[in-house]
Amino acid sequence: MSATSTNTIPLESAESPAARDLFSVSGKLYRLWAERRSMALDNHRVLVVASQLALVVLSNYLAFWLRFDGSIPATELAVCLQTIGLLLAIRAAAFVPFRLYAGLWQYTGVPELCNIVLAVASSTTVFYLAVNALGKTDYSRSIVFIDSMLLVSFLSGIRLSKRVSRRLRRTKGHKRVLIFGAGDAGEMIVRDMHNRPGEYEPLGLVDDDAAKVGQHIHGVPVLGGRRDLGAIIARTQPHELLVAMPGADSETVRSVVEILQPFKVPVTTLPSVRDILDGRVSVNQIRDLTIEDLLPRAAIDLSVEPVRQLITGSRVLVTGAGGSIGSELCRQIAALEPASLVLFERYENSLYTITNDLLDRFGPVAIRSVIGDVTDAKRVNQVLEEYRPQVIFHAAAHKHVPLMEHNPCEAVKNNIVGTATIARAAARWGVERFIMISTDKAVNPTSIMGATKRVGELILQVMSTRSATRFATVRFGNVLGSNGSVIPRFLEQIRAGGPVTVTHPEIRRYFMLIPEAVQLVLHAAALGEPGTVYVLEMGDQIKLVDMARNVIRLAGFVPDEEIPMTFVGLRPGEKLFEELVGAGETAEPSPVQKIMRIRDASRCDPQTLESQINRLVGAAIHGDRTGVVQQLRVMIPSFEPPDAPAAPAPVSGRNRAQGSEGTSRARSRRARRRTRRTADSQRQTPPAEAGSLA
C-alpha cells in the first residue's frame with residue numbers, strides 16, 4: 001500500500017454507522033437543549049405576567065383598604081370582588097402594547113417607567129368608563145386614583161429592585177477615577193461605571209459650574225471646581241483623571257494638564273462630539289489624552305464633496321508617496337475611488353509599506369507602485385507618459401532643517417531640481433492640476449531647506465503663466481507625528497529616562513495634524529487657482545517648552561522631577577518663530593473656510609529665474625556649498641543664512657539658549673530690512689519657451 005493511501009481517509013467513512021450515530025446523538029442533544037431553553041423562557045414569561053397581574057390585584061385591594069382606613073365595609077368589598085375580573089382583563093390587555101411583559105428589568109430606565117405610567121393611566125381610564133357603563137356608579141373615584149398610584153409604584157419598584165440589589169452588591173472598582181465634567185457626558189459615564197461593577201469606581205466629579213458643587217449625580221458628589229482640582233486630587237488619590245467633556249476646547253484641557261503637572265495621575269478623555277455618532281458615551285470610549293487634544297484650536301474638518309468631485313474617477317500621481325504627508329495623501333485619495341493612483345517613491349521599503357496599507361484598507365484598488373526619483377527627468381517623463389495622470393501632488397522633498405544646513409547641495413538637487421523636473425514634465429504631458437507641498441519655513445527663510453522650498457514656489461509661479469496646467473502651492477507648519485517631527489523625538493527621550501532637549505525656552509512653532517495638512521492640500525487642489533499659494537489658519541504658535549512638558553505629563557511622568565529638561569541652543573538654520581506671510585505678500589480669504597490665499601505682489605522674470613537656477617544647480621552639482629548659499633541669497637533677498645559655522649559643536653544649558661536669542665532676533669531684523677537685489681539680477685529679457693525652465 002502506498003504512503004498516500006495509508007494517510008488518506010476514505011470518503012465513505014462519513015457514511016459509516018459510527019458517524020451516523022454520532023450525528024444522531026448530537027442532533028438529539030441540540031434539540032433537547034433548545035426545548036429546555038424554550039421551556040425556561042416560557043416559564044420566565046409566565047412568571048413575569050403572573051407577578052404583574054398579582055400586583056394589579058394587590059394594588060386594587062390596598063386601594064380599598066387605604067380608602068376605608070383598614071376596615072373595608074362589606075358592600076365595598078363586594079364591589080371590589082365584582083369588578084376585579086374586569087380590571088384584570090383590561091390591565092392585562094393594556095400592558096401588551098406598552099411592552100410591560102418584555103424587557104430586562106435590570107436595565108429599567110426612564111423609557112420603561114414612562115411606559116408603566118401610560119399603561120396604568122390608559123387602562124384606568126378604560127376601566128372607569130366601563131364600570132360606569134355597567135351601572136356601577138358607586139365605584140369611588142378616590143379608589144381609582146389610589147389604585148393607579150399604588151400600581152405604578154409596585155410595577156416600577158419590582159423592576160428597579162433588580163438594579164438596587166445589584167448596586168448594593170457592587171464591589172469597588174479596580175480603578176479609582178476622578179471625573180472632570182459634571183454635564184451629560186459625565187452623568188452617562190458615572191451611570192455606565194455603576195453598570196460595570198469591578199472595573200471603575202467614580203470617586204467624584206469636578207465642574208466649574210458653582211451651582212453643581214455639593215450636588216450628587218447617581219450618588220457621586222461634585223467635589224469642586226477647576227481651582228480646587230489640585231486639592232481634590234491630593235485628598236482623593238485617584239488612579240486616573242477622566243476629562244468627560246467631549247465639547248471642551250483645547251484651552252480647557254491644557255489648563256487641566258497644567259494643574260496636574262505636580263501629580264503623577266494619568267489623564268484620559270472621551271471622543272469629540274463629532275466622533276460620538278449616537279450622542280451617548282460609555283467607558284469603552286475612554287482613551288488616553290494625546291498631544292493633539294492640546295492644540296490651541298479646533299481640528300479642521302472640511303467638506304469632502306469638492307475634493308470628491310476632483311478625485312473620483314481621475315488619474316492621480318503622488319510623489320514622495322512613502323512619506324508622512326505623501327502616505328496620508330494616498331490614503332485619503334484612495335478612499336475617494338480614483339481611476340488610478342500612482343505611488344511615486346524613491347525608497348522601496350516606504351513604497352512597499354504604503355502599497356500594502358492601501359491594499360489592506362481598500363482592497364484591489366487601481367494602485368500603481370513606481371520606484372523613481374523626481375530628479376531623474378527621463379524616468380519622470382517615462383512614468384507620466386505611461387500613466388497620464390490628471391492630478392499630481394508633489395510631496396517629495398528634503399525637509400529636515402539641520403541636515404540640509406550640512407548638505408545644501410543635496411537640498412538644491414531634490415527640492416529645486418526635483419520640483420522643476422516634475423513640473424516641466426507635468427506641463428509636457430498635459431497634467432490638469434499640480435499641487436506642491438511647501439512649508440512656513442519658506443517665508444523669510446533662515447535655513448537652506450526654507451530657501452530651496454521658496455525657490456520651488458517661484459518655479460511654480462512662473463510655470464503657471466506658461467502652461468495650461470494649474471500649478472498651486474500649499475504651505476503649512478510642523479506636522480505632529482510625522483517622520484522626524486519633535487513629538488517622536490520627545491517620546492524617545494522620555495523612554496530613555498531623559499533629559500528631554502529643547503533648543504530654546506522661547507522657540508515657537510505652528511502645528512497641525514497630518515489629516516489636517518492633507519485636507520488642506522486636497523482642497524487647494526480642488527480650488528486650483530493657477531500660481532496661488534494657500535495656507536491654513538493654524539491658530540497661535542506653540543512654545544516647544546510647553547509642548548515638551550505636556551508630552552512628559554501625558555507619558556505619566558512629572559516634568560523636571562522624574563524627567564529633566566535641557567535647553568541646547570538653536571540649531572543651524574532655526575529661528576525663534578515662523579511666519580505665514582512674507583515680504584511683498586498679502587493674505588486674503590479663499591472660498592474654503594480656514595484656508596487663506598496668498599497674493600505675491602512681486603513677480604520674478606522667467607528668464608532671469610531660469611538663469612539663476614542654472615547657476616545654482618551648477619554650483620550644487622560641483623559640490624560648491626559656498627556658491628549655493630551665495631546664489632540662494634541672490635535669488636531670495638529675504639534669505640538670511642545663519643552666521644554660525646556649518647557644523648557647530650553641541651552645547652547645552654539655558655545660558656547657551658538665551659545667548660542664541662539675540663542672534664536669532666538680529667537675523668530676523670536683517671531679513672526684514674533686506675530689499676530686493678538691484679536691477680542687475682532682475683534685468684528684463686524675452687520670456688523663455690514654455691517648459692524650458694531649469
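Let's begin with helix H16, which spans residues 486–495 and has Ile487, Phe490, Gln493 and Ile494 as buried residues. Look down the axis of H16 and you'll see these buried residues fall within an arc of 125°, so they line one face of the helix. There's a simple bit of background here: an α-helix has 3.6 residues a turn, so residues three or four places apart point the same way. As for what covers the buried residues of H16, the list includes strand S14 (478–480), strand S15 (500–502) and helix H18 (544–554). Just past the end of H16 comes Gly497, with a positive phi of about 90°. Keep in mind that this is a predicted model.

Next, the sheet. Nine strands make up an open sheet with mixed pairing, in the order S10-S9-S8-S11-S12-S13-S18-S22-S21. Which strands stand at the edges? They are S10 (367–371) and S21 (585–589), and each has a single partner strand, so one side of each is left without a neighbour in the sheet. On average, neighbouring strands of this sheet are turned by 20° against each other, direction ignored.

Zoom in on one pairing: S8 (residues 315–319) and S11 (residues 391–394) run parallel and are joined by four bridges. Within that pairing, Val318 has Phe393 in S11 as its bridge partner.

Now for the aromatic rings. How many aromatic pairs does a search of the whole structure find? The search turns up three.

| Pair | Centre to centre | Angle between planes | Geometry |
|---|---|---|---|
| Phe64 and Tyr139 | 5.7 Å | 85° | edge-to-face |
| Phe127 and Tyr139 | 5.4 Å | 80° | edge-to-face |

Phe127 is buried at 2%, and Tyr139 is buried at 5%.

One last stop: the charged end of Arg67 sits over the ring of Phe68, 4.9 Å from its centre.

Technical notes. Residues numbered from 1 in each chain as written. Predicted model: local features only at pLDDT ≥ 70, side-chain atom pairs only at ≥ 80, totals over all residues. Heavy atoms only, no water. Buried < 20%, exposed > 50% of the residue type's maximum accessible area, 1.4 Å probe, protein only. Helix = DSSP H or I, 4+ residues; strand = E, 2+ residues; numbered from the N terminus. Arc of directions from axis to C-beta. Contact = heavy atoms within 4.5 Å. Pairing = 2+ DSSP bridges. Axes fitted to C-alpha atoms, helices over the stretch in contact; angles between N-to-C directions. Phe/Tyr/Trp six-rings, centres within 6.5 Å; stacked < 30°, edge-to-face > 60°. Lys NZ or Arg CZ within 6 Å of the ring centre and 35° of its normal.
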